[in-house]
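The description begins with strand pairing and then turns to helix packing.

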Amino acid sequence: MRTSRRTFLSMSGGLAGLAALPAGAAPRRDPLRFAQVGVGGMGEGDRGAVMGAGAKLVALCDVDEERAKNAFAKHPDAKRFKDFRKMLDEVEKDIDAVVVSTPDHIHAVAALDAMRRGKHVYVQKPLARTFHECQSLLELSKAKGLVTQMGNQGHAGTGLKLWEEMAKGGAFGEVKHIHTWSDRPIWAQGMTELPKEEPTPASLDWDLWLGPVATRPYAKRYLPFNWRGWWDFGTGAMGDMACHNMDPAFWIFGLGLPSSVKAEASAPAGVAYPKWSVIEYTFAPSPKMPNGVKLTWHDGKKMPPMPAGLSPEAKVGDNGCMVIGSKLTAAGGSHAGEPRVIAVGETPDAAAVKEADAHWQGVKKNLKGTNHYAQWVKAAESKDTKATGSGFEYAAPFTQAILLGCVALRFPGQELKWDAEKRQFSNFADANAWLTYKPRPGYSIDP
């Protein structure tokens, strides 16, 4: 299935968040007070869903007055800022939490600044742009005892719960391979040089938009959405969709960080991500996966090979996750979508597939998802650091694994072996340079 982020938010946000309250629970007298960094685009859905869950908006921050004008008009009582650092200086005593809905390169610096001040944070996916930034977010969240959540909304849904029940029930047998894929990019990728300078719009503070990233001239090819394809600002197709589509596999099998990663691509990543990529992760044996497993990511219209035993009626969408097992194979759609049985064993048997799928659809009837945003709001109000499903303890290593794949795109064909203890690649030193970067003065990516 192809699901836009805006469509998904419309299904999961707003007043639906109130359904996460326990039956009979008394309403709080003191709602969670929050400020938001990045208020247009995805920020609109994030803000509405957090407020719909009962939180109180105190301040808004956006570097583009034109893009933010609707939000400013809709919330006239909220204080307005362009620089999140100045906002946090001024409203620090008036807020409990911060929602970060910016482009990827701002996620870590904004969230870290808020967390140093003891604020709970909700950060859009991917958690950060580099491995080091994710590590800093994880370490600081633990040190401060803060409630955190990454914005992969499907993690709280019924689909992921059904994936989990299937794994607990041994439905797959021995897992032979996992495939995840996306129809992204739907923005430009494959560029080999930076765009030429253009006049900066009067409404935009370009220097603040760049934040921690090295200074360069403004060009409209970066905004408002195409930043995803540029290395210094985004994380490509994986950064947009892997935190959704890989989520079932990482969660139900406890995958963590891979032992190695190897990429194929239309060209090596440089200033921009390639037009397409296929990235193979190898995971070492673990308690949940005693034989280890390989997971392959596909984007740019590349699709996984279909398994043996596929039912003639089986269909997969243009975003999804597929677990191929010795007993059965299941596939689900975007945002940790509901898994459906598409093969049983290795011999096509439509009747067996129908019977197995009917069984798990019956199990699904007893499952109920929760609202991802309300889960975070209520956890932050009660200061329960264990109550969010995609808190940084899970989301940081999950995102780090994705980002190791991004690094592999710079060296197609080269297997990169990961040393978990040293947190670096052990066999290819050149790759380690891309695990972090030096931010501009005034910004920090350390805990």
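Strand E1 (residues 33-37) pairs in the parallel sense with strand E4 (residues 97-100), over four bridges. Within this pair, phenylalanine 34 has alanine 97 in E4 as its bridge partner. Strands (E, at least two residues) and helices (H or I, at least four) are DSSP runs numbered from the N terminus, and two strands pair if DSSP finds at least two bridges between them. The model is predicted: local features need pLDDT of at least 70, side-chain atom pairs count only at pLDDT 80 or more, and totals for chains, interfaces and linings use all residues. Residues are numbered from 1 along each chain as its sequence is written, and side-chain values use heavy atoms, with hydrogens and water left out.

E1 and E4 belong to an open sheet of six strands in the order E3-E2-E1-E4-E5-E6, with parallel pairing. Strand E3 (79-81) and strand E6 (148-151) are at the edges with a single partner strand each, so one side of each is left without a neighbour in the sheet. On average, neighbouring strands of this sheet are turned by 20° against each other, direction ignored.

Helix H5 lies across E1, E4 and strand E5 (120-124) and runs at about 170° to E5. Helix H13 (residues 392-408) lies across E5 and E6, at about 40° to E6. Contact here means heavy atoms within 4.5 Å. Axes are lines fitted to C-alpha atoms, for helices over the stretch in contact, and angles between N-to-C directions run from 0 to 180 degrees.

**Helix pairs**

| Pair | Angle | Axes | Residue classes in contact |
|---|---|---|---|
| H5 and H6 | about 15° | 10 Å apart | six nonpolar, two polar, three charged |
| H6 and H13 | roughly 170° | within 9 Å | eight nonpolar, four polar, one charged |

Nonpolar covers Ala, Val, Leu, Ile, Met, Phe, Trp, Tyr, Cys and Pro; charged covers Asp, Glu, Lys and Arg; the others, Gly among them, count as polar.

H5 and H6 are therefore roughly parallel to each other (an angle under 35 degrees). Their crossing is left-handed, a term for a near helix turned anticlockwise from the far one by less than a right angle. On the H5 side the contact includes Ala108, Ala111, Leu112 and Met115, and on the H6 side it includes Ser136, Leu137 and Leu140.

H6 is roughly antiparallel to H13 (an angle over 145 degrees). In this contact, Phe131, Cys134, Gln135, Leu137, Leu138 and Ser141 of H6 meet residues of H13 including Phe392, Ala396, Leu403 and Leu404.

**The nine-stranded sheet**

A second topic is the open sheet of nine strands, ordered E13-E12-E11-E7-E10-E9-E8-E14-E15 with mixed pairing. Its edge strands, E13 (340-344) and E15 (424-425), each pair on one side only. Strand E7 (residues 175-181) and strand E10 (residues 293-299) pair in the parallel sense over four bridges, and threonine 180 has tryptophan 297 in E10 as its bridge partner. Helix H7 (residues 158-168) packs on this sheet, touching E11, E12 and E13, and its direction makes about 165° with that of E12. Helix H11 (residues 350-364) also packs there, touching E12 and E13, at about 150° to the direction of E13.

**Helix H2**

Glycine 54, which follows H2, has a positive phi near 105°.

How values were computed. Parallel < 35°, antiparallel > 145°, perpendicular 65-115°, else oblique.
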